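Work through the exercises below with the model open beside you. Try each task before reading its solution.

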Amino acid sequence: MIPLLRQFSSFFWIGLVVVGVHYGVLVFLVEIAHVAVLPATLTGYTAGGLVSYLLNRHHTFKTGRPHEEAGWRFVVVAGIGFGLTSVFMWLFYARMHLPYLLAQLVTTCCVMVWSFAAHKFWTFRFVPPA
């Protein structure tokens, strides 16, 4: 149980860096560049995803899985997270009319649970050859 807590803790702290990138891009695009919220949040999600892959691969999951395998798996998980982000932001922002940063915060929490589990058990899980 302790290794799982350490791993999730690392994922959480790296997640704060990723959130900084994601929200920085989001706020810049919405407030400065006047881009609509949904495309802006998805652009931020993509930028944060690049940071997430690099940091989590080396610090959270410390995998031996080659980039050729982990990379495409990461893209699949991130693609599903991208879809979840679209749906949740549409629901919380467009339908429920929450302020966009609050909607993004709730969305981030939901997608974080999915991402951690998928990356731990599929993306970065390395089973050495027998």
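Helices (H or I, at least four residues) and strands (E, at least two) are DSSP runs, numbered from the N terminus. Phe-92 is found in helix H3. The model is predicted, so local features need pLDDT of at least 70, side-chain atom pairs count only at pLDDT 80 or more, and totals for chains, interfaces and linings use all residues. Residues are numbered from 1 along each chain as its sequence is written, and side-chain values use heavy atoms, with hydrogens and water left out.

**Exercise 1. Classify residues by accessibility**

Decide whether Phe-92 is buried or exposed.

Solution. 
- Step 1: set the cut-offs. Buried means under 20% relative accessible area, exposed over 50%, and partly exposed in between (1.4 Å probe, protein chains only).
- Step 2: take Phe-92. Its relative accessibility is 12%, so Phe-92 is buried.
- Step 3: take Leu-91, which also lies in helix H3.
- Step 4: take Pro-3, a residue of helix H1.

**Exercise 2. Compare chain separation with spatial separation**

For Phe-92 and Val-106, state what distance separates the C-alpha atoms.

Solution. 
- Step 1: Phe-92 and Val-106 are 14 residues apart along the chain, and their C-alpha atoms are separated by 8.3 Å.

**Exercise 3. Describe the helix packing**

Find the axis angle and axis distance for H3 with H4, H2 with H3 and H1 with H4. Name each arrangement and its handedness.

Solution. 
- Step 1: recall the description. Two packed helices are described by the angle between their axes and the distance between the axes. Axes are lines fitted to C-alpha atoms, for helices over the stretch in contact, and angles run from 0 to 180 degrees between N-to-C directions.
- Step 2: set the classes. Angles under 35 degrees count as roughly parallel, over 145 as roughly antiparallel, 65 to 115 as roughly perpendicular and the rest as oblique. A crossing is left-handed if the near helix is turned anticlockwise from the far one by less than a right angle, and right-handed if clockwise.
- Step 3: take H3 (residues 67-95) and H4 (residues 100-123). Their axes come within 9 Å and cross at roughly 155°. The pair is therefore roughly antiparallel. The crossing of H3 and H4 is right-handed. By class, this contact has 19 nonpolar, 7 polar and 1 charged residues. Here Ala, Val, Leu, Ile, Met, Phe, Trp, Tyr, Cys and Pro count as nonpolar, Asp, Glu, Lys and Arg as charged, and the others, Gly among them, as polar.
- Step 4: take H2 and H3. The angle is about 150°, and the axes are 10 Å apart. H2 and H3 are therefore roughly antiparallel. Their crossing is right-handed.
- Step 5: take H1 and H4. They pack at about 140°, with axes 10 Å apart. That makes H1 oblique to H4. The crossing of H1 and H4 is right-handed.

**Exercise 4. Locate the nonpolar core**

State how many residues the largest nonpolar core has. Then find which helix supplies the largest share.

Solution. 
- Step 1: define the set. A nonpolar core is a set of buried Ala, Val, Leu, Ile, Met, Phe, Trp, Tyr and Cys residues joined through side-chain atoms within 4.5 Å.
- Step 2: count. The largest core has 10 residues, among them Phe-11, Tyr-45, Phe-74, Val-111 and Phe-124.
- Step 3: assign. H2 (37-60), H3 and H4 each supply at least two residues of this core. The largest share, 3 residues, comes from H3.

**Exercise 5. Check the salt bridge**

Which side chains meet in a salt bridge?

Solution. 
- Step 1: apply the rule. A salt bridge is a side-chain nitrogen of Lys or Arg within 4 Å of a carboxyl oxygen of Asp or Glu.
- Step 2: count. The rule gives 1 salt bridge.
- Step 3: identify the partners. Glu-69 and Arg-65 meet at 3.3 Å, N to O.
- Step 4: Glu-69 is partly exposed at 35%, and Arg-65 is buried at 8%.
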